[in-house]
Amino acid sequence: MNPSNERLEIGDIEVVRLLDGTFRVDGGAMFGVVPRTLWAQRAVPDAENRITLALNCFLIRTPDRTILLDTGVGPNVDRRYVNFYSFERDPGLFGLLNGLGLEPSAIDIVVNSHLHFDHCGGNTVRTNGGPWAPAFPRARYVVQRGEWEQALHPVERDKPSYIPARLKPLGGPGILSLVEGDVPIAPGVEVVLVPGHTAFHQGVKVVSGGRTFFYLGDAVPTAAHIDLPYIMSYDLYPVDTFNNKKALLARAAEEGWVVAFSHDLSHPFGTLRPSGKRLDFVPLK
Ligand SMILES: [Zn+2]
């Protein structure tokens with residue numbers, strides 16, 4: 001069911017893009033200080049100046065672990081958010097997992113790049129207005145300790161991006177794995193701190209058979225954000241995003257990594273090719 005550009009192999013590790021859905025946000029907010037005359041050449045806005053973004057999640061299957069990177073906006077989206085962002089979710093993350101023959105209990109590890117509502121909405125579910133419960137009953141949820149603290153007690157500017165009530169059930173015994181900095185979480189899989197979008201935002205590096213895959217999360221949300229000045233207005237620490245993105249993408253280009261984006265609809269992943277002072281995005285064939 002997944003076309004070939006949704007799936008790739010990194011040595012003996014399989015990576016599958018799972019599209020939780022799409023939504024629309026103001027193009028100006030997505031590209032920060034870059035003028036519309038420039039960004040509109042890369043992402044065509046609708047009549048309300050909005051561009052369509054993906055809610056990308058990635059399934060990582062190692063020989064002995066099934067890992068999910070980010071969980072999208074989730075099935076229980078508040079109507080206010082649906083109206084504001086025009087979320088479209090069909091079949092959504094859980095439907096896609098089901099299509100792959102994977103029950104929620106098949107997931108061993110969930111990693112959240114950060115805990116903004118569009119990246120962890122599928123972490124928990126509720127039925128008929130009951131209490132929120134972990135959506136993946138066997139999984140260990142891997143989050144940076146600083147991000148967890150930020151999500152439960154957000155700074156005022158960042159409050160609309162976090163929904164603490166939906167996260168709190170993960171604080172129960174044996175569910176959360178709070179990490180600090182760069183930490184291996186399974187053979188060949190490591191979380192890597194990439195601050196800027198939030199203070200403790202993390203990426204995920206997968207290495208096997210001499211190949212490297214790197215999930216950039218919101219550090220580089222789409223292929224259009226590879227150019228250094230293209231930074232979202234949502235970023236709390238844009239100077240950190242700039243510096244971290246510069247170092248990370250230079251290394252990715254040099255070492256031929258496959259990079260993956262959190263919000264790119266048509267290009268979930270690809271490689272980078274130096275072109276003068278810039279890096280060009282090269283979609284996977
Ligand atoms: Zn995001």
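The questions and answers below go through the predicted model shown above, from the whole chain down to single residues.

Residues are numbered from 1 along each chain as its sequence is written, and side-chain values use heavy atoms, with hydrogens and water left out. Because this is a predicted model, local features need pLDDT of at least 70 and side-chain atom pairs count only at pLDDT 80 or more, while totals for chains, interfaces and linings use all residues.

Reader: How many helices and strands does the chain have?
Author: Helices (H or I, at least four residues) and strands (E, at least two) are DSSP runs, numbered from the N terminus. Counted in this way, the chain has eight helices and 16 strands.

Reader: What is the radius of gyration of the chain, and why does it agree with a compact globule?
Author: The radius of gyration is taken over C-alpha atoms, and the globule rule is 2.2 Å times the number of residues to the power 0.38. For 285 residues, a compact globule would have a value near 19 Å, and the chain agrees with this, having a radius of gyration of 18 Å.

Reader: What percentage of the residues of the chain count as buried?
Author: Buried means under 20% relative accessible area, exposed over 50%, and partly exposed in between, with a 1.4 Å probe and protein chains only. Under that definition, the buried part of the 285 residues is 54%.

Reader: Are C57 and C120 buried or exposed?
Author: The relative accessibility of C57 is 0%, whereas that of C120 is 8%. With these values, C57 counts as buried, and C120 also counts as buried.

Reader: Which strands do the buried residues of α4 pack against?
Author: Helix α4 covers residues 92-99, and its buried residues are G92, L93, L96 and L97. An α-helix has 3.6 residues a turn, so residues three or four places apart point the same way. Taking contact as heavy atoms within 4.5 Å, the buried residues of α4 pack against β2 (13-26), β3 (50-61) and β4 (66-69).

Reader: Where is P91, and what is the form of the peptide bond from D90 to P91?
Author: P91 has its place in the loop between α3 (79-85) and α4. The peptide bond that leads from D90 to P91 has omega near 10°, and its form is cis.

Reader: What is the phi of D70, and is D70 buried or exposed?
Author: D70 is placed in the loop between β4 and α3. Although D70 is not a glycine, its phi is positive, at about 65°. With a relative accessible area of 0%, D70 is buried.

Reader: Which residues is P137 in contact with, leaving aside its neighbours within four places in sequence?
Author: P137 is found in the loop between β7 (133-134) and β8 (140-144), and with a relative accessible area of 59% it is exposed. P137 lies 31 residues from A106 in sequence, yet their C-alpha atoms are 8.9 Å apart in space. Once the neighbours within four places in sequence are left aside, the residues in contact with P137 are P104 and S105.
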